[in-house]
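Look over the sequence and structure first.

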Amino acid sequence: MKGLYSALLVPFDEEGNILESGLRQIIRQNIEEQKIDGLYVNGSSGENFLMNTIQKKKVFEIVKDEAGNEIKLIAQVGALDLKEAIELGQYATELGYDALSAVTPFYYPFNFEEIKYYYDAIIEATGNDMIIYSIPALTGVNLSIQQFDELFKNEKVIGIKYTAADFFLLERIRKAFPDKLILSGFDEMLIQAAVSGVDGAIGSTYNINGRRARQIFNLAKEGNIQEAYERQHETNDIIEQVLALGIYPTLKAVLSTKGIEAGSVKRPLAPLDDDSLEKVKELVSKYNL
Ligand code: SI3
């Protein structure tokens with residue numbers, strides 16, 4: 001399960017319906033153009049928490065149908081309704097997804113025993129491998145190394161999607177659990193994560209910038225830090241502008257300039273205005289996206 005994964009974008013029409021042919025095009029360009037090793041499906045970038053259960057299942061189904069066994073597939077099934085998380089986990093497992101991932105339960109201040117119960121319940125009901133999705137900035141859940149250790153006691157918990165800028169904790173986790181999979185989640189800090197020993201990364205911007213990400217990762221792993229930084233600087237010039245314009249609608253607008261039916265974001269997220277669309281065109285041509 002090592003490697004670079006795009007956190008798959010999902011195209012919607014203005015009513016919030018999934019654009020199936022556009023989704024298939026995004027999957028194909030991720031495989032053929034960005035050369036990614038896998039897809040992280042129904043994560044934050046897939047606007048998962050804005051979709052209903054039927055839509056989430058539809059995305060799992062289309063992705064598996066389009067990608068088959070060409071690349072690795074991770075299904076993010078985390079939900080506040082544990083029954084929904086289990087239902088989605090069973091669905092993705094039956095479809096043949098290589099592993100599941102679930103965001104730490106959020107909004108309510110769950111204690112650690114409740115968080116462990118949630119992961120163990122999904123694993124027991126599905127029998128699939130689990131990658132913990134840790135993203136403290138959005139969930140408010142900061143797991144300690146002792147808590148990761150407790151979660152790892154279930155051998156089906158094979159790793160973490162680590163979306164945090166705490167490189168001290170990352171170093172501690174890497175040292176303590178050399179056999180667990182660590183996939184880094186902040187694209188703008190890929191070089192730091194790579195030298196910290198992660199096994200790969202999952203990112204939204206890899207949908208449009210996967211080839212540069214691959215260069216950063218490989219160069220950093222080979223110890224060619226100076227060149228890796230050159231690629232990371234260029235990448236961060238792109239990411240800075242993407243974040244300023246609005247991450248998901250901008251990534252979709254970039255894909256649209258390439259003739260992909262990337263659609264819009266799902267309300268209440270807002271689409272880009274005309275000025276921003278002009279800036280996207282400049283970005284695409286300046287960085288050859
Ligand atoms: O779909 C996902 O779960 C992700 O894409 C997670 C990933 O860590 C992204 N985080 C979010 C909240 O979108 C990053 O790729 C992020 O977009 C990027 O580093 C820019 O900040």
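**Cavity and ligand site**

The lining of the largest cavity has seven nonpolar residues, two polar and no charged. Here Ala, Val, Leu, Ile, Met, Phe, Trp, Tyr, Cys and Pro count as nonpolar, Asp, Glu, Lys and Arg as charged, and the others, Gly among them, as polar. This is a predicted model: local features need pLDDT of at least 70, side-chain atom pairs need 80 or more, and totals for chains, interfaces and linings use all residues. Residues are numbered from 1 along each chain as its sequence is written, and side-chain values use heavy atoms, without hydrogens or water.

**Cavity**
- The count is one cavity of 30 Å³ or more.
- A cavity is a set of points on a 1 Å grid over the protein atoms alone, where a 1.4 Å probe fits but cannot get out; lining residues have an atom within 4 Å of a point.
- The largest cavity holds about 40 Å³, as the space filled by probe spheres set on the points, which are joined across faces, edges and corners.
- Its lining residues include Tyr-162, Phe-167, Gly-185 and Met-189.

**Ligand shell**
- The ligand is surrounded by 19 residues, each with a heavy atom within 4 Å of it.
- This shell divides into nine nonpolar, seven polar and three charged residues.
- Among the closest are Glu-188, Ser-204 and Tyr-248.

**Polar contacts**
- A polar contact is a pair of N or O atoms within 3.5 Å.
- A polar side-chain atom of Ser-45 lies 2.5 Å from a ligand oxygen atom.
- For Lys-161, a polar side-chain atom is 3.1 Å from an oxygen atom of the ligand.
- Gly-185 places a polar backbone atom 2.5 Å from an oxygen atom of the ligand.

Technical notes:
1 Å grid on protein atoms, 1.4 Å probe; cavity = no way out; pocket = protein on both sides within 12 Å on 5 of 7 lines; lining within 4 Å. Polar contact = N/O pair within 3.5 Å; in protein donor to acceptor, adjacent residues only side chain to side chain.
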